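Reader: Can you walk me through this model? Keep it brisk.

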Amino acid sequence: MYLSKASRNYAGLESNATSDYVIFGVPFDSSTSYKPGTRFGPDSIRQASASLESNSYFSDIYLEEIGIDDEGDVAVVIGDINETLNRVSSVVAEIIDEGKIPLMLGGEHTITLGALKGIKKGIGYSPCLIVIDAHYDLRDDYLGLRNGHASVMRRSLEILGGAKVTYIGVRAYSKEEREYALSKTNIETFKPIDIHRMGLLNIASSVKRIMSNCKGIYLSVDMDGFDPSFAPGVGNPEPGGLTVQEGLALMNQLVDERLLGADIVEVSPPFDSNGVTASLAAKLLNEIIMKNYISKRTKA
Ligand SMILES: [Mn+2]
């Protein structure tokens with residue numbers, strides 16, 4: 001594996017060979033177009049995780065009751081997106097092969113492409129995808145770069161074929177991206193204004209209905225899906241985003257036993273304010289783990 005130990009483990013977790021969940025970081029931001037700094041994201045999320053209590057926001061379950069391992073960071077190749085994506089893909093496929101759930105800390109959003117390749121290789125089919133993001137990232141290329149953060153979802157969709165993709169939080173896009181998304185019957189979009197008008201539980205019901213035939217689901221959380229007042233530490237802040245309550249409720253509503261893997265990306269510590277973005281990222285990850293754990297236990 002292309003992994004090396006980080007300076008601290010997520011939430012102070014001890015290495016656990018029988019873990020069901022494997023956390024790892026990808027300190028990579030080489031295709032960043034505006035504000036670099038997400039390479040420091042994994043460390044800051046680990047640091048923030050240490051100060052959170054281990055209980056769930058929603059029910060009486062605690063992180064320490066669950067087997068979780070922090071395997072450190074992928075050895076990224078600065079400036080080489082394709083090789084870095086290959087390494088991410090290998091790491092994810094290996095975790096899937098072990099029957100575990102990969103949980104990736106970014107890093108820029110491009111790394112999701114590597115994770116999806118690894119998931120598909122590991123499970124042998126295309127997962128459905130839930131994306132929390134301010135952006136579609138559906139440009140065919142951005143300034144000539146086809147494997148960059150602005151095109152990550154376009155490349156991902158090419159890999160996923162016709163699998164269902166649901167976006168939540170999208171509010172900033174080019175005309176080309178919007179028209180592409182509207183033209184694809186497998187892509188659904190819920191904007192923050194939809195949640196504001198319809199209520200979160202109604203939107204969550206719609207998403208669950210759309211994803212009801214999915215065998216496995218991958219969840220990608222770009223922190224810029226949140227409003228910059230809650231998550232200022234991102235590379236491309238965009239006003240009018242999700243609230244913390246909405247984000248936590250979405251994790252609780254949408255994560256179930258079908259989760260194959262997840263990532264939390266685009267935390268950029270140089271632009272964070274008192275670590276609030278990293279703290280929210282860690283809280284979301286905790287809820288993802290605990291909701292999946294509860295769902296599996298209930299189904300068992
Ligand atoms: Mn984004």
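Predicted model: local features only at pLDDT ≥ 70, side-chain atom pairs only at ≥ 80, totals over all residues.

Reader: How many helices and strands does the chain have?

Author: The chain has nine helices and nine strands. Both are DSSP runs numbered from the N terminus: helices are H or I with at least four residues, strands are E with at least two.

Reader: What is the radius of gyration of the chain?

Author: The radius of gyration is 17 Å, close to the 19 Å from the globule rule for 300 residues, so the chain is as compact as a globular protein of that length. The radius is taken over C-alpha atoms, and the rule is 2.2 Å times the number of residues to the power 0.38. The C-alpha trace spans about 50 × 40 × 40 Å along its principal axes.

Reader: What share of the residues is buried?

Author: Buried residues make up 55% of the 300. Buried means 20 or more other C-beta atoms within 10 Å of a residue's own, exposed means 12 or fewer, and partly exposed is in between; C-beta atoms are placed from the backbone.

Reader: Now α7 and α8. At what angle do they cross?

Author: The axes of α7 (residues 200-210) and α8 (residues 244-254) cross at roughly 35 degrees and come within 10 Å. Axes are lines fitted to C-alpha atoms, for helices over the stretch in contact, with angles from 0 to 180 degrees between N-to-C directions.

Reader: Which residues make the contact?

Author: From α7, L200, A204, V207 and K208; from α8, E246, A249, L250, Q253 and L254. Contact means C-beta atoms, placed from the backbone, within 7 Å.

Reader: And what covers the buried residues of α8?

Author: The cover includes β5 (128-132), β6 (165-168), α6 (192-198), α7 and α9 (276-299). The buried residues of α8 are E246, G247, A249, L250, M251 and L254.

Reader: Switching to α2. What span should its 17 residues have?

Author: At 1.5 Å a residue, the 17 residues of α2 (residues 81-97) should span 24 Å, and the end C-alpha atoms are 24 Å apart, which agrees. The expected span is 1.5 Å times one less than the number of residues.

Reader: What do the buried residues of α2 pack against?

Author: They pack against β1 (3-4), β2 (21-26), β3 (68-74), β4 (101-106), α3 (111-123) and β9 (259-265). Just after α2, G99 takes a positive phi of about 75 degrees.

Reader: K121 is in which helix? And what does K121 touch?

Author: K121 sits in α3. K121 touches S89 and A93, leaving out residues up to four places away in sequence. With 15 C-beta neighbours inside 10 Å, K121 counts as partly exposed.

Reader: Where is the cis peptide bond?

Author: The bond from G106 to G107 is cis, with omega near 10 degrees. G107 is in the loop between β4 and α3.

Reader: Last one. D137 and L143: buried or exposed?

Author: D137 is buried, with 27 other C-beta atoms within 10 Å. L143 counts as exposed, with 9 C-beta neighbours inside 10 Å. D137 lies in the loop between β5 and α4 (152-160), and L143 is found in the loop between β5 and α4 too. Phi is positive in each, near 50 degrees for D137 and near 55 degrees for L143.

Notes: Residues numbered from 1 in each chain as written. Contact = placed C-beta atoms within 7 Å.
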